[in-house]
Amino acid sequence: MISFDGCRVVDLSPRIKARVHRVDGSIEEGTTDPYGKPWVMQEGRFPGDNSLFTLYSAPADDAVWHQERMTSHNGAHVQGGKGHIDHWPGMPANMQGVWEMPLETFVGPASVVSLDHLEPRADEQSARYPLGEGYKLTSQSGDLRGQEILPEHLASVEQGDILLMTSCYEGLQQPWLSASTVKWLIEDRQIRMLGLQATGVQWQYALKAEAPANSPIRRMLLGANVPIAHPLVNIDTLQQGRVFYFGMPLRTPKMEASFIRAMALEAPDA
Amino acid sequence: MTPAMFENLSKGKIVDLTVELVSRLTRLDGTIEAGTRDVYNMPWIVEETVNERDGTIEHLVGTNKGTVAEWPIGGLSGHMGSHIQLGVGHNDNWTELPDGMLGIWDMPLQTYFGEAVVCMLDHLKGQPILPEHLANVKEGDIVLLGSKWSGEDQPWIEGDTAFWLAEEKKIKMLGVAVPGISWETNTDAPEPNNSPTHRAMTGNNIPIVYPLDNLQTLTQERVFFLSLPLNVESMEGTWVRAIAIEDEA
């Protein structure tokens, strides 16, 4: 029988402590996900058996969250293109939702890439960095910026892999995913999913550019039906270059992104 | 190079045991696309909203209280569709439950996957499930129960059988197909005689995952089973994607 006995289990989903409004009126404070989003709940009592439950919902006067509802993007989640960016000009018609993809998309051997060796540099390449300080959209030559991630940095990625990426850098010192490298990941490596640690890789840029130049990395990946899972944690603690990954969406068709519990398993014999 | 262990795993057959719950979706233009309900009449409700940061569409989960007649409570609980639950925050308000009960978030991740025994009980139309019907259960198993029956024809878990599973067989997790199995009894009996399966499982820190689907499509008596809860502390029940992986035939 299939077994993971002896494997090292690594939780890749950030722990969020829910902020709970109890039935007695008390409030238990919570924490946020790596992007600063909370998880607010309201306790209720089920009269059928006197058990308790919690609703994923904030009361109107909650001090932390500004509205009753939160989205499916709170905490670790996986997103596809349909329902999420299919209203953008230039997206392909055959883009799928996460509910339409086979489960094997979200389960299987994964390549782990840590890019700690891509130290930020202050040279002429800095001008290519896709973000700038403050509200500037670009950087200047000589700014201290992360390096472009190139195919040669991803040589361990095998065809059909799930790819898990991170680095030890933050902000504008994070190495960045360029359109040409993502094209290579899609067409040459044919990755089936990309998982990203909360910080470590710069991939969300040109967010306000005019379509179809906006959000190039999201466009390319989701347009090629390569879902993106984020914000993950603990990728940096993985000790092996190849792991077995689980991070499946809920089975709720039409929901453009889904909460996930993501996990990696490291083999005992590797 | 992929470890040999993972190469073999990749050849397994994944069987989705999760109930499909189609979202009731409100579009940006106000149109509403109907969804489905689970066997307990629970919906999944979302509404489109635009993320102003990048112009993507995201889904707000649930609905505002009092705005949708068929779901006036507004928010969605963790008990919609296939979900997993434990005692803390759920039934630890009941009397005469043991000390030391844990929440889902307190348990190691290894609790939620492993070797499972599949018990299809088609021969027990409208009968109690007794230990003698579960002879293939080994100590420490994840136990998946199902049958082809529904309504009053479903076999039910006797309270004594629930405690036998929990305390003698020390099962790791209980998964139940619904319809198929009536897994709880005496829900409105006075405490402490109410809901013996809840008491047996959550009192012994054994998670319950239900309603499951597709158990009848499994072809092997022993499978790898996985249903990971969300990593949210204080959420007493969470939605799951439950799967089995069968060996390559």
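**Reading a predicted two-chain model**

Modeller: In this predicted model, 64 residues of chain A are in contact with 67 residues of chain B.

Biologist: Which strands of chain A supply at least two residues each to the side that touches chain B, and which one gives the most?

Modeller: The strands that each supply at least two residues are β1 (8-11), β2 (16-17), β5 (40-46), β6 (51-56), β8 (107-114), β14 (242-246) and β15 (257-259) of chain A. With six residues, β6(A) gives the most to the side of chain A that touches chain B. By residue type, that side of chain A divides into 31 nonpolar, 19 polar and 14 charged residues.

Biologist: How many bridges join β2(A) to a strand of chain B?

Modeller: Two bridges join β2(A) to β15 of chain B, residues 232-233, and these strands run parallel. Within this pairing, Lys17(A) stands opposite Glu233(B).

Biologist: Turning to sheets, in what order do the nine strands of the open sheet in chain B come, and why do some strands have one side without a neighbour?

Modeller: A sheet is read from strand to strand, and in chain B the order is β1-β17-β14-β8-β10-β12-β13-β7-β16, with mixed pairing. The edges are taken by β1 (13-16) and β16 (237-239) of chain B, each of which has a single partner strand, so one side of each is left without a neighbour in the sheet. From one strand to the next, the twist averages 30°. Inside this order, β14(B), residues 222-226, and β17(B), residues 243-246, run antiparallel and are joined by three bridges, and the bridge partner of Phe224(B) in β17(B) is Ile245(B).

Biologist: Which strands of chain A are joined to β16(A) by bridges, and are the faces of β16(A) covered or uncovered?

Modeller: Four bridges join β1(A) to β16(A) in an antiparallel arrangement, where Val10(A) stands opposite Ala264(A). Three bridges join β14(A) to β16(A), again antiparallel, and there Phe246(A) stands opposite Met263(A). Both faces of β16(A), residues 263-266, are covered, with Met263(A) and Leu265(A) buried on one side, and Ala264(A) and Glu266(A) buried on the other.

Biologist: How should I read a helix, and which residues of α2 in chain A are buried?

Modeller: An α-helix has 3.6 residues a turn, so residues three or four places apart point the same way. In α2(A), which spans residues 216-223, the buried residues are Ile217(A), Arg218(A), Arg219(A), Leu221(A) and Leu222(A). The buried residues of this helix pack against β11 (176-177), α1 (179-187), β12 (193-197) and β13 (228-232) of chain A. Just after α2(A), Asn225(A) takes a positive phi of about 60°.

Biologist: How many residues does the largest nonpolar core have, and which of them have the most contacts inside it?

Modeller: The largest nonpolar core has 137 residues, and those with the most contacts inside it are Leu163(A), Ala264(A), Leu144(B) and Ala244(B). Leaving aside its neighbours within four places in sequence, Ala244(B) is in contact with several residues of chain B, including Val15(B), Ala116(B), Leu218(B) and Phe224(B).

Biologist: What does separation in sequence correspond to in space for Leu207(A) and Leu137(A), and for Cys119(B) and Ile57(B)?

Modeller: Leu207(A) and Leu137(A), 70 residues apart in sequence, are 9.8 Å apart in space, C-alpha to C-alpha. Cys119(B) and Ile57(B), 62 residues apart in sequence, are 43 Å apart in space on the C-alpha to C-alpha basis.

Biologist: Finally, what domains does the assignment give for each chain?

Modeller: Chain A has domain 1 (17-71) and domain 2 (77-266), and 31 Å separate their centres, taken over C-alpha atoms. Chain B is divided into domain 1 (20-76) and domain 2 (83-246), with 29 Å between their centres, taken over C-alpha atoms.

Terms used:
Residues are numbered from 1 along each chain as its sequence is written. Chains are lettered from A and ligands numbered from 1 in the order in which they are written. This is a predicted model: local features need pLDDT of at least 70, side-chain atom pairs count only at pLDDT 80 or more; totals for chains, interfaces and linings use all residues. Two residues are in contact if their C-beta atoms, placed from the backbone, lie within 7 Å. Ala, Val, Leu, Ile, Met, Phe, Trp, Tyr, Cys and Pro count as nonpolar, Asp, Glu, Lys and Arg as charged, and the others, Gly among them, as polar. Two strands pair if DSSP finds at least two bridges between them. Axes are lines fitted to C-alpha atoms, for helices over the stretch in contact, and angles run from 0 to 180 degrees between N-to-C directions. A residue is buried if 20 or more other C-beta atoms lie within 10 Å of its own, exposed if 12 or fewer, and partly exposed in between; C-beta atoms are placed from the backbone. Domain bounds come from an automatic or database domain assignment. A nonpolar core is a set of buried Ala, Val, Leu, Ile, Met, Phe, Trp, Tyr and Cys residues joined through C-beta atoms within 7 Å.
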